[in-house]
Amino acid sequence: MNSDSMPVQTVIVYHSGYGHTTRMAAAVAEGAGTGAVLVAIDPEGNIADDAWQSLAGADAIVFGSPTYMGGPSWQFKKFADASSKPWFEGAWQNKIFGGFTNSASLNGDKLNTLEYFVLLSGQHAGIWVGLDIKPANAKASKRDDLNRMGSYIAPMAQTPADASPEEMSSGDLETARLYGARVALIAGQFRAGKSQPL
C-alpha cells in the first residue's frame, strides 16, 4: 500500500484539566477519521515517548488546551517547550497544523490561546488550517449553533465553570468535528500534491 492510499495521520495532542478539552479532542479526532490519534498531555505536562514518534510521523498535528489565565495551560506550555527537540531537527516542518480551546467565559481570552498555537506551528515551519464555518451571529442564533464563538482561526468552545463535560454545547463539539475533517482533508490534499512531479 503506497502512502497516498493510507489514511491521513492526524495527531491531536492536548491537555485537559477537567475533561472538557478531552471531549473537544475526541470530536476533532472523529472528524479527522481513521488515521486520527489522540495524545493526552498528563497532569505533569508530559507525553509518552511513543507519542513523540506519532507526532514525527503525522501528516497533521492539532493542538488543544483549555484557556487558563489568558493562555494555554502550563502543562501544554511544558509540552511546547519540549518540542524544541523536533524543532531543532526540523521534524515537523511543512506539516499541517490546527488547534482548539475551551474556557468558562464567553470571551475568556481564548483568542490568545489560539494565537499561541499559530505561533508554535510557525516556529515549526508548519502550515496552519483556519476554520471555514461562518459565525452564528444573528439574533436568532442559539447556544448549539455552529461556530457561535465567531472564531476564524480555529474552534473555540465555551462551557460554564459549573458545567460538566457532558453539558458542553453540541454546536461547539460539532464545530470541532467539522474542523477535524477539514484539517484531515487539507493534509491529504497537501500530501498528494507533494507526491506529484514538479
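This is a predicted model: local features need pLDDT of at least 70, side-chain atom pairs count only at pLDDT 80 or more; totals for chains, interfaces and linings use all residues.
## The chain as a whole

Let's start with the overall picture. The protein chain has six helices and seven strands. Read from the N terminus, these elements follow the order β-α-β-α-β-β-α-α-β-α-β-β-α.

For the dimensions, the C-alpha atoms fill a box of roughly 50 × 35 × 25 Å along the principal axes. The radius of gyration of the protein chain is 16 Å, which agrees with the value near 16 Å for a compact globule of 198 residues. Of those 198 residues, 46% count as buried.

## Helix 1 against helix 6

Two packed helices are described by the angle between their axes and the distance between the axes. For helix 1 (residues 20–32) and helix 6 (residues 170–194), the angle is about 40 degrees and the axes are 6 Å apart. Angles under 35 degrees would count as roughly parallel, so this pair is instead described as oblique. The crossing of helix 1 past helix 6 is right-handed.

Which residues make this contact? On the helix 1 side they are Arg23, Met24, Ala27, Val28, Glu30, Gly31 and Ala32. Helix 6 meets them with Leu173, Ala176, Arg177, Gly180, Ala181 and Ala184. By class, the residues of this contact come to eight nonpolar, two polar and three charged.

## Helix 3 against helix 5

The second pairing joins helix 3 (74–82) with helix 5 (residues 110–123). Their packing angle is about 10 degrees, and their axes lie 11 Å apart. With that angle, helix 3 is roughly parallel to helix 5.

Phe76, Lys77 and Ala80 supply the helix 3 side of the contact, while Tyr116, Phe117 and Leu120 supply the helix 5 side. Five of these residues are nonpolar, none is polar and one is charged.

Now for some individual positions in the loops. Ser73 sits between strand 4 (71–72) and helix 3. Is Ser73 buried or exposed? Its relative accessibility is 1%, so Ser73 counts as buried. Setting aside neighbours within four places in sequence, Ser73 is in contact with His15, Ser65, Pro66 and Tyr68.

Lys95 belongs to the loop between helix 4 (84–89) and strand 5 (96–103). A relative accessibility of 9% means that Lys95 counts as buried. Beyond residues up to four places away in sequence, Lys95 touches Leu55, Ala56, Gly57, Ala58, Asp59, Ile61, Gly126 and Ile127. Lys95 and Lys85 are ten residues apart along the chain, and their C-alpha atoms are separated by 16 Å.

Met168 is in the loop between strand 7 (156–158) and helix 6. With 6% relative accessibility, Met168 counts as buried. Its contacts, again leaving out residues up to four places away, are His20, Arg23, Met24, Asn102, Arg143, Ala157, Thr159 and Leu173. Among these, Arg23, Met24 and Leu173 also take part in the contact of helix 1 with helix 6.

## Two positive phi angles

If you like to check backbone angles, here are two residues to look at. Asp109 has a phi near 60 degrees, a positive value in a residue other than glycine. Asp109 lies in the loop between strand 5 and helix 5. With a relative accessible area of 47%, Asp109 is partly exposed.

Ala125 has a positive phi too, at about 60 degrees, and is not a glycine. Where does Ala125 lie? Ala125 is in the loop between helix 5 and strand 6 (127–128). The relative accessible area of Ala125 is 34%, so this residue is partly exposed.

Note on methods
Residues are numbered from 1 along each chain as its sequence is written. Side-chain values use heavy atoms; hydrogens and water are left out. Helices (H or I, at least four residues) and strands (E, at least two) are DSSP runs, numbered from the N terminus. Buried means under 20% relative accessible area, exposed over 50%, partly exposed in between (1.4 Å probe, protein chains only). Contact means heavy atoms within 4.5 Å. Axes are lines fitted to C-alpha atoms, for helices over the stretch in contact, and angles run from 0 to 180 degrees between N-to-C directions. Angles under 35 degrees count as roughly parallel, over 145 as roughly antiparallel, 65 to 115 as roughly perpendicular and the rest as oblique. A crossing is left-handed if the near helix is turned anticlockwise from the far one by less than a right angle, and right-handed if clockwise. Ala, Val, Leu, Ile, Met, Phe, Trp, Tyr, Cys and Pro count as nonpolar, Asp, Glu, Lys and Arg as charged, and the others, Gly among them, as polar. The radius of gyration is taken over C-alpha atoms; the globule rule is 2.2 Å times the number of residues to the power 0.38.
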